[in-house]
Amino acid sequence: MGRGGPKFDDARRRELATAFAAGGEHYERVRPGYPQEAADWIVPDGARTAVDLGAGTGKFTELLVARGLAVTAVDPSADMLAQLAARLPSVTCVAAPAERTGLPEASADVVVAAQAWHWFDTAAATREAARLLRPGGRAGLVWNQLDTRIPWVHRLSRIMHAGDVHKPDYHPPSGPELHGWEPLVIAWEDPITPEGIVELTKSRSYYLRASEKHRRRVEENLAWYLFEHLGHSPGETLALPYVTQAWRATEAPL
């Protein structure tokens with residue numbers, strides 16, 4: 001399955017993904033976390049072990065740790081994992097791609113990918129997730145999305161070049177090794193300043209890969225929109241609407 005999301009060919013996907021090889025401290029500082037409800041819904045009853053693919057700085061990992069799971073975080077960026085390890089010392093960190101983790105077969109009760117699945121080779125990552133799952137285990141995919149159903153947020157997303165905002169009919173792509181996908185949508189708000197929105201924009205792949213000219217244009221457009229058009233004041237706390245989209249599935253029967 002898979003429709004309604006951003007369209008990258010393999011070369012473009014790999015190019016954009018390299019934007020996150022460094023900058024872990026900034027990413028950790030400016031990116032929002034996830035609602036606990038998403039982890040509660042994905043993690044099956046009785047689960048004890050989890051693998052977080054494309055874990056980054058551990059924004060979703062911390063929810064798994066809070067549930068008492070023994071977690072292995074996998075990410076190709078040593079810089080991102082260094083941030084995770086500093087905050088979550090109980091987590092085992094593995095610097096590897098999601099498609100080839102090197103972890104033992106049937107070693108996890110739950111395998112998740114938060115804000116990362118679209119950077120993977122879908123077929124290979126699906127096979128790897130299914131390989132890692134124990135019988136009765138569950139896979140989960142999660143994205144935080146700006147709530148573009150709200151007009152001012154929709155325009156903000158365009159200025160930010162938030163190209164990974166999914167369409168309403170989006171379903172994440174998956175190979176046949178995982179099946180029975182179920183969706184969950186959680187609406188929430190993140191308190192943030194206008195300056196925080198600018199920093200959030202600077203953590204996105206478009207900005208990180210853009211030229212200095214394009215970066216300046218994005219920052220100028222944001223300043224106009226937030227301060228002049230919307231009338232916010234510097235340092236003002238505003239509520240930025242989000243939608244967390246989550247899916248869960250199980251390993252397909254043989």
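Helix 8 and helix 10 are roughly antiparallel to each other (an angle over 145 degrees). The model is predicted: local features require pLDDT of at least 70 and side-chain atom pairs pLDDT 80 or more, while totals for chains, interfaces and linings use all residues. Residues are numbered from 1 along each chain as its sequence is written, and side-chain values use heavy atoms, without hydrogens and water.

**Helix packing**
- Helix 8 (residues 194–202) and helix 10 (residues 212–229) pack at about 150 degrees, with axes 10 Å apart; axes are lines fitted to C-alpha atoms over the stretch in contact, and angles run from 0 to 180 degrees between N-to-C directions.
- Helices here are DSSP runs of H or I with at least four residues, and strands are E runs of at least two, numbered from the N terminus.
- The contact (heavy atoms within 4.5 Å) involves Pro 194, Glu 195, Ile 197, Val 198, Thr 201 and Lys 202 of helix 8, and Val 218, Glu 219, Leu 222, Leu 226 and Phe 227 of helix 10.

**Nonpolar cores**
- The largest nonpolar core has 45 residues, and Phe 60 and Ile 197 have the most contacts inside it; such a core is a set of buried Ala, Val, Leu, Ile, Met, Phe, Trp, Tyr and Cys residues joined through side-chain atoms within 4.5 Å.
- A second, separate core has 27 residues, including Ala 98 and Leu 133.
- Beyond four places in sequence, Ile 197 contacts residues including Leu 222 and Leu 226.

**Thr 72**
- Thr 72, in strand 2 (residues 70–75), is buried at a relative accessible area of 16%, where buried means under 20% with a 1.4 Å probe, protein chains only.
- Leaving out residues up to four places away in sequence, Thr 72 touches Ala 50, Val 51, Asp 52, Val 91, Thr 92, Val 94 and Leu 103.

Definitions and conventions
Buried means under 20% relative accessible area, exposed over 50%, partly exposed in between (1.4 Å probe, protein chains only). Angles under 35 degrees count as roughly parallel, over 145 as roughly antiparallel, 65 to 115 as roughly perpendicular and the rest as oblique.
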